[in-house]
Amino acid sequence: MTLASVTFHAAAAAIFATGLFTVIARGNLLKKLLGLLLLHVSVWIVFVAMSGTPASPDGATIANPLPIAFTLIAIVLGTTAMMVGIDLALRIRASAVSVEDDEIAAHELKS
Amino acid sequence: MRSVSAPAIWRAGVLTRVREKVPFRPPLTALALSLAVGALLAVGLFDLPEVGAAGSPALEHVAPRYLNDARIETGATNATAAVVGAYRGIDSLLATVLVGVAVAVGGLVAVPVVAPAALRSRRRSESSVAAPRFWHRLEPWRDRVDAVLAGAAPTKLARFLLVLAFPLLSLLAVVAAWSHVDGAGGALAAGAIAAAGLVALATATRLSLGGSAMLRAVAGSSVLFALAVAHAPLMEGAGLLDFAGFGEDFADGQRLGIRLLTTGLAFAIIAWLAGHLVTIEQKSRP
Amino acid sequence: MTPDLLLFAAVALPAFAAVAMLVVAQHPLARDVGALISAVVLLLLTAAILAMLDPADWLGVILAPLFAGVPVRLVGEPVGATGALLASFAWLIAVFWSLAAPAARRPRHPTRFFVCGSAGMAAAVGCLYAGNLLSQITFEAGLLLATSLMLAPSRNEEETATHPILLLLIAAMFLAMVAAAWTFLVAGSVEFRPGGSFAGATDRNVAGLILAIFALAGTRFALLPGLRGSLVLGRSEVPVQIYVATIVVLIGGAIPFAKATLYVIGPATLREIGGIDVIGTLAIAALLVLALRLRGAALAERALGLPAVQTIAVAVTLFSAHQAGTLAALIVLAAGVLAVLALLPVVALLADGLGPTIATLRGEGSRTPWLSGCLLAIAASLLALPPTAGFIGTWYGVLTTATTAVTGPIVLGLAPLVAAIAVLPMCQQLLFARPDVSSLRQRLPLGWTAMLPALVATVVLLVAPAVIDQMLPTFAGLLPRGP
Amino acid sequence: MTHVPALLVLLPFTAAALCLLLPIRPLVRLFGLVAPWVSLGVAALVLDHVLRVGPLAYAFGDWAAPSGVVFRADGLSALALIVTNLVAAVLLPLLHRDSAAHPPGRTALQSALALAFLGAINGIALSHDLFSLIILIEIMTLATCGLIAAGRIRRSLVTAFHALVFQSTGTAFLLMGTAMLYARAGSVDLLDLAGRLAGANDRATTIGAAMVLLGLAIKGGLFPFHGWLSRTYIDAPAPIAAVVGGIAPTAIAYVLLRISTAVLGGGPSFLSANGAWGLAAVAALFVLAPSALAALQRDIRPVVALLAAAHLGYVAVGAGAINLAGATAGMAVIVAHGVAVTAAVAAIGCLQHAQLPTALDQLGTLRRRSPMVAAALACALFAFAGVPLTVGFAGRWHVALGMIERDAWAALILVALSSGVALIAAARVAQRLLFGPVAPIERPVPFPLALSVPATLFGLATVYFGLNAALYVGLADEAAKLLMRGPP
């Protein structure tokens with residue numbers, strides 16, 4: 001197993017796990033969004049790793065275009081979701097008292 | 001775009017930041033769950049074919065056509081552009097629509113202006129929760145960085161840097177766009193970088209860029225443009241996204257179609273990101 | 001009035017009555033009159049259907065095109081029609097009681113009782129007339145829902161008290177559904193047809209499993225002897241007891257099982273399945289447990305233990321299901337239903353007037369001659385003493401089951417003994433114990449109206465043998481002839 | 001007819017973009033009212049064409065399947081198309097009749113989102129390319145989040161945020177699984193995948209499939225992940241909650257069914273690998289647990305949310321029994337879900353909008369307030385429980401068939417058990433509805449048209465489709481045959 005694939009895949013798995021943990025465990029809405037970004041980043045990494053091609057004799061290697069295309073679209077997916085999340089978080093911040101989950105809940109209870 | 005989303009989230013953090021609570025007990029279930037998923041994922045990923053290994057299915061099945069025939073079939077010099085624009089053109093079209101939806105959502109939940117001062121006072125009133133001591137030591141620095149980034153009191157240095165950033169970033173964008181003229185990736189990168197430059201400029205010189213409404217309109221029209229490009233072939237009886245009829249010969253038409261489509265996507269992204277960031281930027285003005 | 005229209009009316013009338021009574025709930029008089037009239041008309045309808053049965057071709061009506069080729073269908077055939085007649089009579093008695101009984105003994109929520117009862121009757125009649133397994137399950141679900149709505153008052157402790165029964169009924173329904181699905185896979189059809197659709201369709205093991213599931217669902221596990229919930233009904237009102245014990249448990253369990261064995265599995269397959277002794281042994285065990293449960297029970301509980309006994313007897317008789325077997329099972333069922341039907345009001349009145357336990361009955365027979373007479377008659381029928389209906393049923397049952405297996409007669413002989421354990425102490429205390437003169441008592445607060453339902457039921461129980469004797473030849477002609 | 005599969009998706013998007021650009025009230029209203037019904041009509045045409053002529057395929061840009069993207073309408077797609085469009089045609093035009101659903105002056109944006117949502121569900125039903133499918137699902141997600149957040153209720157913002165986080169996590173799972181499947185098969189076209197994954201049973205494929213199914217389960221709000229859906233029922237403006245709860249999970253369930261049956265069915269599906277016991281586990285987790293929880297609730301809203309989640313679980317169970325009856329069951333459940341959930345959520349919306357109590361013990365008030373809505377609620381709950389003569393029964397029946405065919409006795413018992421528990425939960429609610437105490441109402445708030453109409457219509461539909469299930473069961477059977485035949 002080449003170093004490249006070990007690095008790529010281990011990094012992807014680690015980042016995915018980190019992102020999942022952040023999304024689940026963190027109360028702060030923006031931290032949650034960062035966790036989302038991590039999840040998506042690990043997907044991008046996997047796609048990029050997939051686009052590798054064996055070096056041709058003249059040394060010039062061209063990437064496999066399909067995973068690259070997937071990566072581009074996936075980036076759009078992840079970033080749109082995250083930006084909309086930011087919108088919502090700001091709106092919540094402007095209307096609610098806090099961006100902490102439980103504080104919002106408490107406030108709802110009071111109001 | 002990653003290059004933009006990171007500062008965006010930092011900015012949002014500046015606006016909305018209350019120090020995150022220290023969880024009372026370590027969230028063990030979450031930890032176990034994420035570790036389990038990560039381990040499972042690792043098992044699966046290590047079972048995948050080697051990176052760049054010859055004969056992996058990803059290279060065997062459809063990739064050869066993209067690699068070898070794209071230039072002839074689509075006239076695109078860049079295989080990725082051919083895939084994004086021609087073979088899987090519907091994907092970029094749908095991505096454009098997705099950006100449009102994001103724009104609409106952003107318009108629906110427009111943030112009412114709240115001055116950072118008010119925010120900070122609110123924050124002080126809230127910051128009852130004890131934070132780790134380490135952060136206490138960093139406190140003054142954090143406030144200073146906040147002040148700069150929130151545009152509350154941009155220091156001369158910050159202004160200079162930001163003003164300097166704009167031409168550099170736009171130059172970078174031009175280079176990125178030019179480097180592979182057909183490259184959809186190039187278009188995306190150019191869009192992202194240009195958006196970053198716009199934001200830098202807006203931050204430095206309280207320039208409003210016509211507000212977010214105008215940019216939203218631009219984004220919407222570019223979405224509509226991309227859709228129109230997709231529908232255009234119906235005029236001459238071809239199928240949707242079948243750009244062969246655009247030019248005098250097959251490849252020429254395809255190339256034109258790809259460029260139009262990706263341009264629509266890129267412009268949608270530029271306008272959307274810029275509008276988004278400028279909105280946040282304006283909110284952060286005292 | 002064409003027969004299929006009659007079938008449709010027999011289901012539609014109670015359903016309509018239920019809705020109507022829910023609408024006029026504000027006017028008790030209209031509600032009660034509606035309930036009584038609908039019950040009477042239902043009885044007449046079922047009797048008419050039974051009268052105009054035709055062995056050659058079953059009259060049928062399609063209610064809804066459920067799946068392609070598997071509609072919700074009603075057919076008139078002897079077994080179901082008999083059950084429907086019995087059920088509608090039981091319902092009439094229940095309504096009659098809830099109108100005539102002393103105010104303290106009437107349903108606490110009359111509207112709920114009448115609405116749910118009528119809806120349940122619509123479902124029960126549909127379940128008995130069902131033309132295929134799917135329609136049977138469909139109506140059984142309706143019966144289950146109506147019963148659960150009736151049994152679950154808003155007050156929680158009672159709600160939880162009746163849960164065991166509801167759970168048993170739900171389990172029975174889904175067991176029946178599983179069996180139906182399996183039948184559909186095995187035989188390719190769920191239609192009821194004389195001789196069954198299993199012949200040669202599958203090996204005896206699968207058929208035996210399906211039969212066992214049907215049996216479990218049909219007997220409602222004989223209300224799991226020893227289950228607290230099966231006796232907890234004693235706490236609820238008499239008409240509810242009548243409705244659940246006779247209609248839901250006895251008839252609604254035994255008749256669908258009978259139809260499944262007769263018209264789906266078929267006598268031929270039944271015979272090659274065999275295994276009657278296994279079922280018989282299980283039945284004997286269940287009877288013994290029941291006997292133990294019934295020994296120390298209070299009055300109402302003793303009465304409520306009997307449906308389980310009768311169900312077991314019917315089920316075991318059915319397992320030797322060639323023609324005479326079905327006939328015997330039907331007679332056993334009829335005798336059991338009528339006896340329970342008469343016993344429940346009598347016991348309730350006794351408990352009402354004298355006290356909830358046996359000890360309080362001591363020697364009060366002299367002051368309640370009518371009730372004592374009823375009790376004696378019912379006891380005679382339950383003990384299968386000639387010339388009561390119980391005797392005829394047991395007689396035919398023993399005759400039939402003796403031809404196939406040993407355990408059959410044992411079960412049929414054991415059932416009256418268990419019943420005796422439940423009933424005889426009552427009679428003994430009531431009639432022969434010396435009254436304790438120490439406490440002077442007021443006379444029983446019982447008028448004729450209160451006793452009328454009990455008396456009617458007892459009279460019917462007494463005249464039943466004659467009717468059965470008259471109907472025997474016709475039935476022998478009606479029932480599908482086994483190979 | 002040739003371009004229909006594409007136009008069905010792209011024209012709503014175009015209309016949405018127009019609404020975004022020119023927020024002219026009459027134009028927006030026109031689109032908002034007409035588009036769903038037109039879409040429903042075209043969907044009916046597609047169904048008719050599929051039934052008479054056969055599957056209808058459309059290759060974008062004339063690039064054939066493995067290297068291009070193909071939208072294809074077969075029996076299953078047509079069925080999902082007709083169901084989602086049926087619900088959408090009733091719900092979407094009524095959206096901007098409800099004042100709480102959208103802030104003033106934002107009608108155009110909201111209609112744009114609604115139209116994008118419409119196009120997205122059409123695309124989800126039609127797309128046969130895994131990656132485009134994911135993009136379309138994401139469009140649907142963002143649209144729903146925007147619609148939820150548009151409510152004037154402040155809590156709806158938080159709800160929208162949580163929905164977004166949940167669903168985007170699901171998207172990440174989906175994408176990761178897609179990546180692994182692609183790395184194994186070399187393409188993302190569904191038919192092609194089915195062909196190339198057939199028999200593959202290595203770790204990567206299995207885990208990739210697991211990731212895909214897990215992502216779909218998260219986005220569809222199956223049991224352990226139903227939190228955001230139930231929050232939506234409670235906190236989102238009621239008509240939007242009806243849209244989100246009634247349509248989105250149905251579409252996702254369709255994708256789940258297609259992928260697990262037609263794509264992974266022949267290959268690594270761990271269900272087929274571990275046979276009956278895996279199926280039993282799925283049944284216990286997705287079906288039994290939520291039903292049992294639902295029977296313990298004291299408020300109507302969690303009851304509906306949990307029962308709906310359990311009902312959706314039957315899609316997973318039916319798809320898990322990889323045989324004809326199972327697939328038919330999945331489709332029947334999808335149809336039932338679209339109808340029943342809409343009725344239930346709309347009825348709840350009536351309760352909330354009129355500030356009637358939602359505690360179980362006070363539900364009697366609804367009976368006095370509007371018998372039709374009460375009846376609709378009861379019918380929907382009974383449909384969830386799979387009671388015969390409601391739309392839910394056909395699914396249950398075929399699930400049982402599938403289990404028996406598969407000899408999955410443990411799963412069969414669990415399914416029967418959970419149906420019983422769900423029946424208890426439904427009966428508790430019905431008993432309160434019928435006989436519960438009626439609290440006097442001072443100044444009764446009229447039920448909004450946007451809710452009472454859908455509640456009544458779909459309440460009737462639950463019974464009608466239950467009475468002659470032959471309408472869609474036959475169709476589902478045909479579609480299942482086509483589905484199980486596998487790749488050509």
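Trainee: What is the mean pLDDT of chain C, and what share of its residues reach 70 or more?
Mentor: This is a predicted model, and the mean pLDDT of chain C is 78, with 84% of its residues at 70 or more. Within that chain, confidence is highest in helix H4 (residues 110-129), at 90, and lowest in helix H6 (residues 156-161), at a mean of 52. For the complex, the predictor gives an ipTM of 0.83 and a pTM of 0.85.

Trainee: What else describes chain C, in terms of helices and strands?
Mentor: Chain C has 18 helices and 2 strands, and of its 483 residues 63% are buried. Among its contacts with a separation of 6 or more, 82% are between residues 24 or more positions apart.

Trainee: Where in chain B is confidence lowest, and where is it highest?
Mentor: The mean pLDDT of chain B is 71, and 61% of its residues reach 70 or more. The lowest confidence in chain B is in helix H7 (residues 116-126), at a mean of 46, whereas the highest is in helix H2 (residues 28-46), at 91. Over residues 15-19 of chain B the pLDDT is below 50, although the model gives this stretch 27 contacts beyond near neighbours in sequence. Residues 112-132 of chain B also stay under 50, and for them the model has 35 contacts beyond four places in sequence. Where pLDDT is low, the predicted coordinates should not be read in detail.

Trainee: What makes the pair of Asp129(D) and Arg88(B) a salt bridge?
Mentor: The cut-off is 4 Å between a side-chain nitrogen of Lys or Arg and a carboxyl oxygen of Asp or Glu, and the closest N and O atoms of Asp129(D) and Arg88(B) are 2.5 Å apart, so the pair is called a salt bridge. Asp129(D) lies in the loop between helix H4 (107-126) and helix H5 (130-149) of chain D, while Arg88(B) lies in the loop between helix H5 (79-87) and helix H6 (89-108) of chain B, so the pair joins two chains. The structure holds 17 salt bridges over all chains.

Trainee: Why are Asp129(D) and Arg88(B) called buried?
Mentor: Buried means under 20% relative accessible area; Asp129(D) has 0% and therefore counts as buried, and Arg88(B), with 2%, is buried too.

Trainee: Which residues are linked in a network of salt bridges?
Mentor: The network links Asp47(B), Arg184(D), Asp202(D) and Arg203(D).

Trainee: Why is H4(B) called roughly perpendicular to H5(B)?
Mentor: Helix H4 (residues 63-74) of chain B packs against H5(B) at an angle of about 70°, with their axes 9 Å apart. Angles from 65 to 115 degrees count as roughly perpendicular, so H4(B) is roughly perpendicular to H5(B). Their crossing is left-handed, and the residues making the contact include Tyr66(B) and Asp69(B) of H4(B) and Val83(B) and Tyr87(B) of H5(B).

Trainee: What is the phi of Leu241(B), and where does Leu241(B) lie?
Mentor: Leu241(B) has a positive phi of about 60° although it is not a glycine, and Leu241(B) lies in the loop between helix H11 (211-231) and H12 of chain B. Most residues other than glycine have a negative phi. At 2% relative accessibility, Leu241(B) counts as buried.

Definitions and conventions:
Residues numbered from 1 in each chain as written. Chains lettered and ligands numbered in written order. Predicted model: local features only at pLDDT ≥ 70, side-chain atom pairs only at ≥ 80, totals over all residues. Heavy atoms only, no water. Helix = DSSP H or I, 4+ residues; strand = E, 2+ residues; numbered from the N terminus. Buried < 20%, exposed > 50% of the residue type's maximum accessible area, 1.4 Å probe, protein only. pLDDT = per-residue confidence, 0-100. Axes fitted to C-alpha atoms, helices over the stretch in contact; angles between N-to-C directions. Parallel < 35°, antiparallel > 145°, perpendicular 65-115°, else oblique. Left-handed = near helix turned anticlockwise from the far one by under 90°. Contact = heavy atoms within 4.5 Å.
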